[in-house]
Amino acid sequence: MPVEVTWWGHATCTVEDSGVRFLTDPLFARRLAHLRRRRGALPPPEAAAAEAVLVSHLHADHLHLPSLARLAPGTRLVVPRGAPAAVPGLRRLARSGGLRLTEVAAGDEVVVEGVTVRAVPALHDGRRLPFGPHRSPALGYVVEGEARTYFAGDTGLFDGMAEAVGPVDVALLPVGGWGPYLGHGHLDAGRAAEALAALSPAAAVPVHYGTYWPIGLDGLRPHEFHAPGGEFVRLAARRAPKVTVHLPDHGERVRPEVAR
């Protein structure tokens with residue numbers, strides 16, 4: 001049982017490897033600006049328990065200060081380099097909450113209780129929207145303990161993606177979004193299946209879909225909300241038939257089988 005993954009909704013996952021818990025892009029809100037949580041109960045308080053939190057980029061649904069405020073003192077908070085300068089409240093929150101803030105760029109490594117986290121590139125607009133400057137890159141992360149688990153954050157397909165990420169055993173891939181249309185720098189189910197074929201892990205979990213949706217747009221292209229997870233399973237079976245794809249419900253834990 002080298003790794004366990006719990007999907008809490010959107011891009012928020014707990015990855016537990018070698019007894020060390022990593023939390024990705026925590027978003028514990030019922031509502032965020034024009035977005036409302038439409039599916040899945042809010043994560044319980046214990047979802048915020050982690051030795052380290054990995055933030056992929058500065059968009060408010062990935063770097064959400066009220067959710068980060070739930071972290072216990074002493075938690076390591078890993079963010080893209082330049083994030084504290086671009087988000088003024090981040091350093092203040094880290095100081096008041098006793099968080100250990102670590103800035104990284106692609107290629108950097110951080111060791112958390114014997115487990116290595118490696119930052120890798122992502123193709124995505126990583127700035128703080130709507131008007132933030134391009135001070136901070138979007139990143140993915142590979143957690144390397146008993147298994148190698150890739151959390152892609154938000155990304156599009158890019159040349160050399162498999163080489164940049166490196167060998168992985170489990171891939172947590174975004175397959176949708178929070179609105180009826182995906183812009184540049186995102187993966188839909190089809191592009192995520194292409195990425196899966198290139199990465200060739202033993203197992204995969206689709207994330208970043210089916211949780212938040214703009215208020216008042218429930219009836220607009222609802223398949224973009226409901227369908228991406230199942231569509232990814234179907235397309236992955238065609239493009240990467242050797243990969244075992246897990247499709248958890250919100251709050252469900254899966255134990256991908258990997259051979260190292």
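Biologist: Where does Asp25 lie?
Modeller: Asp25 lies in the loop between β3 (20-24) and β4 (31-32). Helices (H or I, at least four residues) and strands (E, at least two) are DSSP runs, numbered from the N terminus. This is a predicted model, in which local features need pLDDT of at least 70 and side-chain atom pairs count only at pLDDT 80 or more, while totals for chains, interfaces and linings use all residues. Residues are numbered from 1 along each chain as its sequence is written, and side-chain values use heavy atoms, with hydrogens and water left out.

Biologist: Is Asp25 buried or exposed?
Modeller: Buried, because Asp25 has a relative accessible area of 0%. Buried means under 20% relative accessible area, exposed over 50%, and partly exposed in between (1.4 Å probe, protein chains only).

Biologist: Which residues is Asp25 in contact with?
Modeller: Leaving aside neighbours within four places in sequence, Asp25 is in contact with Ala11, Thr12, Leu54, Val55, Ser56, His62, Phe151 and Gly153. Contact means heavy atoms within 4.5 Å. Thr12 is 13 residues from Asp25 in sequence, but their C-alpha atoms are 5.2 Å apart in space.

Biologist: New topic: helix α3. Which residues of α3 are buried?
Modeller: In α3 (residues 88-97), the buried ones are Gly89, Leu90, Leu93 and Ala94. They sit on the same side of α3, because they cover an arc of only 135 degrees around the axis. That arc is taken from the directions from the helix axis to the C-beta atoms.

Biologist: And which residues are exposed on the other side of α3?
Modeller: Pro88, Arg92, Arg95 and Ser96.

Biologist: What covers the buried residues of α3?
Modeller: The cover includes α1 (65-68), β7 (76-80), α2 (83-86) and β8 (100-104).

Biologist: How many residues are in the largest nonpolar core?
Modeller: It has 53 residues, and those with the most contacts inside it are Phe22, Tyr141, Tyr150 and Phe232. The largest share, six residues, comes from helix α5 (residues 189-199). Apart from it lies another core of 21 residues, including Leu23, Val53, Leu63 and Leu90. A nonpolar core is a set of buried Ala, Val, Leu, Ile, Met, Phe, Trp, Tyr and Cys residues joined through side-chain atoms within 4.5 Å.

Biologist: Last one, the open sheet. What is the order of its three strands?
Modeller: The order is β4-β5-β15, with antiparallel pairing. Two strands pair if DSSP finds at least two bridges between them. β5 (residues 35-37) and β15 pair over three bridges, and Arg36 stands opposite Trp213 in β15. The edge strands are β4 and β15 (212-214), each pairing on one side only.
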